[in-house]
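I opened my notebook for a first look at this protein. Here is what I looked up, entry by entry.

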Amino acid sequence: MREKLEQIGRMAREEIAALAQNKESRAEALEAVRVKFLGKKGEITSVLRGMGALSAEERPVIGQLANEVRSEVEKLIDKTKKEIENAELEYKLRAEEIDVTMPGKHSEAGRLHPITQVLNEMTDIFVGLGFQVVDGPEVEYDLYNFEKLNIPKNHPARDTQDTFYINENIVLRTQTSPVQVRVMEKTRPPIRIVSPGRVYRSDAVDATHSPLFHQMEGLVVDKGVTMTDLKGTLELFAKKLYGENARIKLRPHHFNFTEPSAEVDLCCFNCGGKGCRICKGEGWIEILGAGMVHPKVLKGCGIDPEVYSGFAFGMGIERVVMGRFSVNDLRLFYENDVRFLKQF
Ligand code: DAH
C-alpha cells in the first residue's frame, strides 16, 4: 500500500508537469487530473477506502502517508492552477493592449453645401408665408420651358447658344418658370408655390457664369392678386433674408410671360446704397425677375384671366450665396474641394 501511495504521488507529479506542454485548455486538463487523483472515485480516495484491511499498526502509518500524498497533490494542483490563471491573464493583457498614445480615428461630420443651406433658408421663408414647395423636371419639354410661357419660336432665348437641346422637343430647362405652367395646369387657384432647383444654360464657365446654376421660382394665383402683393411679398422676403433694414426697388423690364414685368433690385447689403465693389458702384444689386402672370399664360393653363390674376418671380440663388459668404468666384461652389466647403 505504501508503494501504491508513492506511485500515485509520482504519477500525479508527472501528469501535472506534463500539463506545461499543453498550451491550450490547460485549465480543463488540470481539472481532469484533480478528479483523477482527488475526486470521490479518485486514486487516493480508493486507497483510503481499502484501509480497513490493514493491521492496527499499519493503519495510522499508511493513513498519515495518504494524507501527506493528498495534501502534496492538492498543493501542486493549486499552485499550477494559479500559474495557469496568471499566464492566461498576461496573454489577455498583451493581446488586448491599447496604445493610448496612438492618434484616434476620427470621422468628419459632413454638412450641407452652402448653396443648399441658403436655398433651404429661402424656402423656409416662403413656407412661413404659406407657400407650398413643388418640384419640376430638369429635363423639360420645349413646350413648357418656352411655348406655354409665351416665348415664341424666334425668341433669342431659344437659340442653341443658350439652351441645351436633348432633341427638337426636349431641353435642359433654362429656368424654373416651366414649373409655373405645370402647377397651373394641374391645380386650381388659390395657388401659392415656390420651386427651387437646378437650371442649365450653355454659358462658358467664368467667375460669374456656370452652365449649371440654381433658381427659385415663385407663383401666386388667386382672385384680386395685384402688383402690390408682389412687392409686399418680396419686401418681406428681403427683410427676412437680409435683415430689417433691407430695401428693394422695382424697375420696369420685359419678360414674355409677365405683364407688367419688373426686375427687382436689393439695396446693397454691403454699402447700404452708397456704391461699393460688391454692387459695382451702383448701390443696388439685381436679385430677381418678376411680374404679373401674362393673361395668355393663365388662359393656356385653363385659368380664366377675367376671374383670376397672379404674380410670379424667379431668382438666381448663386448670387445670394456669394453675397452671403463673400465668395467672389462661382466656380468654387462646384469644384467639390472640401477645403473650401468646410468653411461654411
Ligand atoms: N425665368 C426668368 C429668368 O430665368 C426669371 C423670371 C422672371 C421668373 C419673371 C418669373 C418671372 O417667374 O415672373 O430670367
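**Charged pairs and overall shape**

I began with R324, which counts as partly exposed because its relative accessibility is 31%; buried means under 20% relative accessible area, exposed over 50%, and partly exposed in between, with a 1.4 Å probe and protein chains only. I kept in mind that this is a predicted model, where local features need pLDDT of at least 70, side-chain atom pairs count only at pLDDT 80 or more, and totals for chains, interfaces and linings use all residues. Residues are numbered from 1 along each chain as its sequence is written, and side-chain values use heavy atoms, leaving out hydrogens and water.

Which residue does R324 form a salt bridge with? I found E121, with the closest N and O atoms 2.9 Å apart; a salt bridge puts a side-chain nitrogen of Lys or Arg within 4 Å of a carboxyl oxygen of Asp or Glu. The pair links distant parts of the chain, as R324 is in helix 10 (residues 318–325) and E121 in helix 5 (residues 114–128), 203 residues apart. Helices here are DSSP runs (H or I, at least four residues), numbered from the N terminus. E121 is also partly exposed, at 32%.

Next I checked R331 and D329, whose side chains meet in a salt bridge at 2.8 Å, N to O. R331 is partly exposed at 33%, while D329 is buried at 18%.

I also noted a salt-bridge network that links R251, E263 and D265. The salt bridges number 17 by this rule.

Last, I looked at the whole: the C-alpha trace spans about 135 × 45 × 40 Å along its principal axes, and 39% of the 344 residues count as buried.

Conventions:
Helices (H or I, at least four residues) and strands (E, at least two) are DSSP runs, numbered from the N terminus.
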